[in-house]
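Consider the protein shown below. The paragraphs after it go from the overall fold to single residues.

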Amino acid sequence: MPHCIVEYSANLNGQALVNLVHQGALASELFQAQGSDIKVRAIPYSEFKTGSVDISFIHVTMRILSGRNDEQKTMLTQRVLMQLQTLIKVDCSLSVEVVDIDRETYSKVVV
């Protein structure tokens, strides 16, 4: 049920990034086998600063229900990073983080 939010510099291909993040999350085997519970959305940024040199960037926030251990979370970030690296070869800052969603306070409805 992860909610994956991809923030990226607008010069990159957003749809390709969405697909790669989905594939990385699926490869972790932490979610439904067919990937139907993996939600990915992307937000391009046309204005940004990446330190003293302006390079492209991708930052992925993966919000997942609490209960997974640190090894599982690390493996998840590594799988997503590996997928992103298949597209991005040079001059791009890549980062992935996992944020727990508190199970007791999370609510969802599909209408």
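This is a predicted model: local features need pLDDT of at least 70, side-chain atom pairs count only at pLDDT 80 or more; totals for chains, interfaces and linings use all residues.

Residues are numbered from 1 along each chain as its sequence is written, and side-chain values use heavy atoms, with hydrogens and water left out.

The protein has two helices and four strands, in the order β-α-β-β-α-β from the N terminus on. Helices (H or I, at least four residues) and strands (E, at least two) are DSSP runs, numbered from the N terminus. The radius of gyration of the protein is 14 Å, close to the 13 Å that the globule rule gives for 111 residues, so the protein is as compact as a globular protein of that length. The radius is taken over C-alpha atoms, and the rule is 2.2 Å times the number of residues to the power 0.38. Along the principal axes, the C-alpha atoms fill a box of roughly 40 × 25 × 25 Å.

Of the 111 residues, 40% are buried; buried means under 20% relative accessible area, exposed over 50%, and partly exposed in between (1.4 Å probe, protein chains only). Among contacts between residues at least 6 apart in sequence, 78% join residues at least 24 apart, where contact means heavy atoms within 4.5 Å. The protein exposes about 6,600 Å², and carbon and sulfur atoms supply 50% of this area. Accessible areas come from the Shrake-Rupley method with a 1.4 Å probe; for residues, only the protein chains shown count as cover.

Next come the charges. There are 10 positive and 12 negative side chains, and the centres of the two sets lie 5 Å apart. Lys and Arg count as positive and Asp and Glu as negative, without His and the chain ends; the place of a charge is NZ of Lys, CZ of Arg, CG of Asp or CD of Glu.

How many salt bridges does a search of the whole structure find? The search finds two, a salt bridge being a side-chain nitrogen of Lys or Arg within 4 Å of a carboxyl oxygen of Asp or Glu. One joins the side chains of Lys-73 and Asp-100 at 2.8 Å, N to O. Lys-73 lies in helix α2 (residues 70–85) and Asp-100 in strand β4 (residues 92–101), so the pair ties together parts that are 27 residues apart in sequence. Lys-73 is buried at 17% relative accessible area, whereas Asp-100 is partly exposed at 35%. Another salt bridge joins Lys-49 and Asp-54 at 3.7 Å, N to O, and both of these residues are exposed.

The loop between α1 (14–27) and β2 (39–45) holds Ser-28. Is Ser-28 buried or exposed? Ser-28 is buried, with a relative accessible area of 5%. Leaving aside neighbours within four places in sequence, Ser-28 is in contact with Met-75, Leu-76 and Arg-79. Glu-29, in the loop between α1 and β2, is exposed at 70%; its phi is near 60 degrees, a positive value in a residue other than glycine.

Gly-35 also has its place in the loop between α1 and β2 and is buried at 5% relative accessibility. Beyond neighbours within four places in sequence, Gly-35 is in contact with His-22 and Leu-26. Gly-35 and Leu-76 are 41 residues apart in sequence and 14 Å apart in space, C-alpha to C-alpha.

Asp-91 lies in the loop between α2 and β4. Asp-91 is not a glycine but has a positive phi of about 55 degrees, and at 58% relative accessibility Asp-91 counts as exposed.
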